[in-house]
Amino acid sequence: LKVLSNNNMKIKFLKAFNGDSIQLSEKKKKKKEKNILIDGGVSQTYKTDKGPKGKAIFGELKTTIDNIRENNLIIDLLIITHIDDDHIDGILKWFNEDKEAYKLIKEVWFNSGALIAEYLEKKENEALDLYIKKKKEKKTSIKQGIEFGKYIHDNGIWKRKIITQGSVYKRYGLEFKILSPNKTKLDILLKNWVKKDPKLKTSKKSNDYKKSIVNHIKDYKFIEDNAYPNGSSIAFILKHKKENFLFLGDSHPSVIVEGLKIFKYSEKKPIKAKYVKLSHHGSSGNTSPELLSYIKSNKYIISTNGATHQHPHKQLLSSIINSNKNCVFYFNYKERMNMIFSSKDKTNFPNFKTMSIKEPLK
């Protein structure tokens, strides 16, 4: 597991393939360790059913869950940022495989389709429903599975409380200030979301790594992401003691700026953040120049192997370097990190750094 350490709080960026799965753990004197899990990555983050020679391969999500269980601990808070496969499928896989999964969880934050409809007082969009498949019944239709929202509610781990911009929550000595989603983005998701055809191939084959930092800066033009589920993503400021951490999910930058304004941040008074988990795995459409002007940080985290959508985009990283020449990019996949920058890039911009997250960083 990839670990960042901040005194007695540890942040682990699991290898979640092209997705996100993050474990926050904190140990206080004479008290049990508290665990917060943000997302579960793609299904393989928990388990690959058919590995080499037909054997199953267990991923880092399963390893993490097993470790929590073996140490007589629980997941005190599970945050599901949004419904995209690369954030929730690992959780659905776990629930499918483990009938007692809910017993390991104390509380869930999840904006389900039904809950969004109730909040907006509008008709439900059935395409937003998520189901736990029945194990060993491959021919069973998804509608004959267990509806995820009902399951977590009936088992007492979800209070069906909408998580929206401007809210503040305190848990285990931590403070969460919610930056996203806002009401508008939830409304757009409810109106427009349709499930993708699983037969469609959406992988992107090329990346923008051959282009130099200099040329990326020269040709830079920001266009905001318009994907409906990304706009609905839960994103927040996490305050631990006197330090702030930004966990931005896959959120839209205009919404994050709006949220930061609610909490009295501005270009003249940017938020000081020890680490920023870049939105949407470092996609160029999810971090704007305006958003960067609202953040004062040298440390940016990228969670992806880049295999599906060729994230992160060098265009975005070049923009960050242009605004902060001493920035450090932390990757949970070293292989991806090594693909992006040329020796010429590093000669032209000698002060930025790339690091693979291995040992605790202080």
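Does Trp158 count as buried or exposed, and at what relative accessibility?

Reply: Trp158 counts as buried, at 4% relative accessibility. Here buried means under 20% relative accessible area, exposed means over 50%, and partly exposed lies in between, with a 1.4 Å probe and protein chains only. The model is predicted, so local features need pLDDT of at least 70 and side-chain atom pairs count only at pLDDT 80 or more, while totals for chains, interfaces and linings use all residues. Residues are numbered from 1 along each chain as its sequence is written, and side-chain values use heavy atoms, with hydrogens and water left out.

The ring of Trp158 is paired with that of Phe110. Their centres are 5.8 Å apart and their planes stand at 45°, so this pair is tilted. Rings of Phe, Tyr and Trp (for Trp, the six-membered ring) pair if their centres lie within 6.5 Å; planes under 30 degrees apart are stacked, those over 60 are edge-to-face, and the rest are tilted. The pair connects distant parts of the chain, 48 residues apart: Phe110 belongs to strand E8 (residues 108–110), whereas Trp158 lies in the loop between helix H4 (148–154) and strand E11 (168–171). Helices (H or I, at least four residues) and strands (E, at least two) are DSSP runs, numbered from the N terminus. Phe110 is also buried, with a relative accessible area of 3%.

By the ring rule, the count comes to 16 aromatic pairs. Another of them joins Trp94 and Phe95, whose ring centres are 5.3 Å apart and whose planes stand at 90°, so the pair is edge-to-face. Trp94 and Phe95 are both buried.

At 13% relative accessibility, Tyr151 counts as buried. Leaving out residues up to four places away in sequence, Tyr151 touches Phe95, Lys99, Tyr102, Ile132 and Ile146; contact means heavy atoms within 4.5 Å. Tyr151 and Phe95 are 56 residues apart along the chain, and their C-alpha atoms are separated by 9.8 Å.

The surroundings can be described next. The largest nonpolar core has 39 residues, and those with the most contacts inside it are Ile91, Trp94, Phe95, Phe110, Phe148 and Ile152. A nonpolar core is a set of buried Ala, Val, Leu, Ile, Met, Phe, Trp, Tyr and Cys residues joined through side-chain atoms within 4.5 Å. Among the elements that each supply at least two residues of this core are helix H1 (60–70), helix H2 (85–97), E8 and H4. H2 gives the most, with 5 residues. For Ile91, the contacts beyond four places in sequence are Leu37, Asp39, Gly40, Leu61, Leu78, Ile80 and Phe148. Apart from this core lies another, of 34 residues, among them Ile295, Ile320, Met337 and Phe341.

Lys62 lies over the face of Phe58, at 4.7 Å from the ring centre, and Lys183 lies over the face of Tyr119, at 5.7 Å from the ring centre. For this, NZ of Lys or CZ of Arg must be within 6 Å of the ring centre and within 35 degrees of the ring normal.
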